[in-house]
Amino acid sequence: MASAQSSYPRRQTRQVVLRHPSGDVRVGGDAAISVQSMTITKTADVEGTLAQIYALKAAGADIVRCTCNEQEAAEGLARIVPRSPVPIVADIHFHVEMALAALEAGVQCLRLNPGNLRKPEEIKLVARECKDRAVPVRIGVNAGSLDPRLYQKYGGATPEALVESAQIELGLFAEEGFDDVKISVKASNVPLMIEAYRQLSEATDHPLHLGVTEAGPPPAGTIKATAGIATLLSEGVGDTIRYSLTADPVEEARAGRVLLEALGLRERTSVDLIACPACGRAEIDVYKVAQEAQAALENREIPLQVAVMGCVVNGPGEARSADLGIAAGRHRGHLFIRGQIVRVVPEDEMVSALVDEAEKLVKEGVAARLAAADSSAAAEAEADRAALLDAKGSDANHSEERVELIERRLREADSSD
């Protein structure tokens, strides 16, 4: 129903391609910003890792990274890659042998950490092998594992140090004529991360992978990651993203997808549930109903904005821009599409009615569902609205009483001066 409507001008970058039998994933250029996550299983556990990869794809991941830290992991990749529904990135840290083994396993991309794999001859060897196979590399600079020489030169993990680390690696690749590269300069400190990416975006046109590393568990970790990633995306910086959370990686993929959809940078594929904060007029436990609706809708492919409103007085009007919504009043739920009442249901059927209508709306479209509206629903809804106004008044939160009290006290203070 909803389409991407971002107003953020994208920074122009070159493009790298992660080739995959079910469809290549392009990063940079005019490609959509992609979502990444990383498995937390042992890569040698082929079936367990594949199950997690499929769960990540279902949650919105376009690319998945797996660690390749030992022979058993490389052998696992050889069995995982042909069955994976998305391109696989092998995560390499200290051992060049693991990078070469991952390439033999058929991975679609390597991630190299310049702070851990530092020998120029080894880096150049990997570059030659990747060039021959048309496999891109992500230069993954991390403030927590910065080359000690750069740490000493800059007196710490500064934005300049992170950017120079990436540039040194790029220079080694360039000597081998290899430029199929994307770059990240991650840090757990959000302002540091933002400034490093800003500087990097000025220094190179390679696509950038955004992330706040070691963000921690939700909700704080999600907020930190969003603060960094969304800031840069709003400046047009970033071509692919990952939330690094201390949580089920499915939460990372879901958070990334939600962020891009919220910013209008990806077409909506899942529900966007909005809800009022509740007030003195609310006829239901808004929090409970909203949570039930979210749980019922979030794993369905329903690209709608859905509203849960606590009362029928202002609910349908305030959520008029939503594709679908429900508002409570007098122990009933008023189901509406684009602000127009289409059905009135018992309160205990509100969530099930919302899910049913959402599925029909996706399948049949707005016009068809409005045409199928219950002809008596609008009148019933208006009667409930009038009754609620009569019972609770137009100022259920007593806001105007507070305003009058403030005005009276200020007048009294003026007169006493």
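A salt bridge here is a side-chain nitrogen of Lys or Arg within 4 Å of a carboxyl oxygen of Asp or Glu. With that in hand, let's tour this predicted model, which holds 30 salt bridges.

**Stop one: the network.** Select Arg343, Asp356, Glu357, Lys360, Glu364 and Arg369 together; salt bridges link these residues in a network. Now zoom in on one of its pairs, Lys360 and Asp356, where the closest N and O atoms are 3.3 Å apart. Both sit in helix α12 (residues 350-364), and because they are four residues apart, about one helical turn separates them. Colour by accessibility and you will find Lys360 partly exposed at 31%, with Asp356 also partly exposed at 29%.

**Stop two: Glu47 and Arg83.** Select these two side chains next: they meet in a salt bridge at 2.9 Å, N to O. This pair links distant parts of the chain, 36 residues apart, with Glu47 in helix α1 (residues 46-59) and Arg83 in the loop between α2 (71-80) and β5 (88-92). Glu47 is partly exposed, at 49% relative accessible area, and Arg83 is partly exposed at 41%.

**Stop three: Asp147 and Arg118.** Here the salt bridge spans 3.9 Å, N to O. Asp147 belongs to the loop between β7 (137-142) and α5 (148-154), while Arg118 belongs to the loop between β6 (109-112) and α4 (120-133), so the pair ties together parts 29 residues apart in sequence. Is Asp147 buried or exposed? Its relative accessible area is 7%, under the 20% cut-off, so Asp147 counts as buried.

Methods. Residues numbered from 1 in each chain as written. Predicted model: local features only at pLDDT ≥ 70, side-chain atom pairs only at ≥ 80, totals over all residues. Heavy atoms only, no water. Helix = DSSP H or I, 4+ residues; strand = E, 2+ residues; numbered from the N terminus. Buried < 20%, exposed > 50% of the residue type's maximum accessible area, 1.4 Å probe, protein only.
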